[in-house]
Amino acid sequence: MSRVYVFDHPLIQHKLTFIRDKNTGTKEFRELVDEVATLMAYEITRDMPLEEVEIQTPVATCKSNVIAGKKVGLVPILRAGLGMVDGVLKLIPAAKVGHVGLYRDPETLQPVEYYVKLPSDVAERELIVIDPMLATGGSAVAAIEALKKRGAKNLKLMCLIAAPEGIKVIQDEHPDVDIFVAKVDEYLDDHGYIIPGLGDAGDRLYGTK
Ligand code: PRP
Ligand code: URA
C-alpha cells in the first residue's frame, strides 16, 4: 500500500500557513509555493542512493559521496503543478520535465486529459508527479495512469495538501505510488474543494478566477 509521508518541517508548515491565507496575493503565493517545493524536494530526495568517489582536495586525496542511481523526471499536472516545478529543479537541476494536462470538470469532478508530453526514457526514470492539491484524487489517478500506459514504473506523488479521500483513492488504485505531502486536511466539500485547503490552486497561482 502507498505510504504517506507528511513533511512536518517547521519551515514548510510556516510557509504553508501563508499559502493558505486568503489575504496572500498572487505574487507572494507563487513565491511561497516555489519555496515550499524546494523544501519538499530536499525531503523527498532523502532516500537517494549515494556512491563513493575519490577526489583530490587542495591538500589531500579523499573518498567522498555523490548521488548515484536512477535518473529523475518531474511530471507536473497542468496547470497548478507548474507552480512547484522550478522549486524542485533548484535542487535536482538535471531532472527532465514531462507534462500531463488535465482539468477537473466542474460538474462531474472527473479529470479531462488534454496534453501529455514525456521524456522518451520515462521507463528508466524515477518520476515525481507534482500537483499542489490531491482532492478527490481523480486527477492524480488519471495522470499516473497516463504515465504507466507510456511505460513509467517508478513513481512518487508530491502534493502540498491532500484530502483523506484523495489519499485513499491513490492507495486503492496505485498502491505502488508513495505520497509526499505538507499536510493532510480534514475533508472535501460538496464541490470537491479541500477544507480548509487553500482554495483553487491554479487560480491563486495565476490570478485567474
Ligand atoms: C486542481 C488541482 C488538481 C485537481 C485536484 O486542478 O491542481 O489537479 O484540481 O482535484 P482532484 O483530486 O479532485 O482531481 P484543476 O482541475 O482546477 O485545473 P487547473 O490546475 O488547470 O486549474
Ligand atoms: N483543486 C483545487 O485547486 N483546490 C481544491 O481544494 C480542490 C481541487
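Visitor: Where is the place of Pro 196?

Guide: Pro 196 sits in the loop between β13 (194-195) and α6. Helices (H or I, at least four residues) and strands (E, at least two) are DSSP runs, numbered from the N terminus. This is a predicted model: local features need pLDDT of at least 70, side-chain atom pairs count only at pLDDT 80 or more, and totals for chains, interfaces and linings use all residues. Residues are numbered from 1 along each chain as its sequence is written, chains are lettered from A and ligands numbered from 1 in the order in which they are written, and side-chain values use heavy atoms, with hydrogens and water left out.

Visitor: Which peptide bond is cis at Pro 196?

Guide: Start with the general idea. Most residues other than glycine have a negative phi, and most peptide bonds are trans. Here the bond from Ile 195 to Pro 196 is cis, with omega near 0°. Another cis peptide bond joins Leu 78 and Arg 79, with omega about 0°. Arg 79 belongs to the loop between β4 and α3 (82-89).

Visitor: What is the phi of Leu 109?

Guide: Leu 109 has a positive phi of about 65°, although it is not a glycine. Look for Leu 109 in the loop between β6 and β7 (111-117).

Visitor: Which residues line the largest cavity?

Guide: Ile 44, Thr 45, Met 48, Val 72, Ile 92, Glu 126, Ile 128 and Lys 156 line it. By class, that lining has five nonpolar, one polar and two charged residues. Ala, Val, Leu, Ile, Met, Phe, Trp, Tyr, Cys and Pro count as nonpolar, Asp, Glu, Lys and Arg as charged, and the others, Gly among them, as polar.

Visitor: What volume does the largest pocket have?

Guide: About 650 Å³. The largest pocket is lined by 28 residues, and Tyr 103, Arg 104, Ser 139, Asp 200 and Gly 202 lie nearest its centre. β4 (71-78), β6, β9, α4 and α6 (201-206) each give two or more residues to this lining. Its classes are 15 nonpolar, nine polar and four charged.

Visitor: Where does ligand 1 sit?

Guide: In the largest pocket. A molecule sits in a pocket if more than half of its atoms lie within 2 Å of the pocket's grid points. Next, read the shell: a residue is near a molecule if one of its heavy atoms lies within 4 Å of it. Ligand 1 has 15 residues around it, of which Arg 104, Asp 131, Thr 136, Gly 137 and Ser 139 come nearest. β6 (99-104), β9 (133-134) and α4 (138-149) each supply at least two residues of that shell.

Visitor: Which polar side-chain atoms lie 2.7 Å and 2.6 Å from an oxygen atom of ligand 1?

Guide: A polar contact is a pair of N or O atoms within 3.5 Å. Arg 104 has a polar side-chain atom 2.7 Å from a ligand oxygen, and Ser 139 has one at 2.6 Å from a ligand oxygen. Ala 80 uses a polar backbone atom, 3.0 Å from an oxygen of ligand 1. Taken alone, ligand 1 exposes 500 Å², and the protein buries 90% of that (Shrake-Rupley method, 1.4 Å probe).

Visitor: Which residues surround ligand 2?

Guide: Arg 104, Met 133, Ala 135, Gly 192, Tyr 193, Ile 194, Gly 199, Asp 200 and Ala 201. Ligand 2 also sits in the largest pocket. Polar backbone atoms of Ile 194 and Ala 201 each lie 2.8 Å from an oxygen atom of ligand 2. A backbone N or O atom of Gly 199 is 2.8 Å from a nitrogen atom of the ligand. Taken alone, ligand 2 exposes 240 Å², of which the protein buries 87%.

Technical notes:
On a 1 Å grid over the protein atoms alone, a cavity is a set of points where a 1.4 Å probe fits but cannot get out, and a pocket is an open set with protein on both sides within 12 Å along at least five of seven lines; lining residues have an atom within 4 Å of a point. A polar contact is a pair of N or O atoms within 3.5 Å; within protein, one must be able to donate a hydrogen and the other to accept it, and residues adjacent in sequence count only if both atoms are side-chain atoms. Grid points are joined across faces, edges and corners, and a volume is the space filled by probe spheres set on the points.
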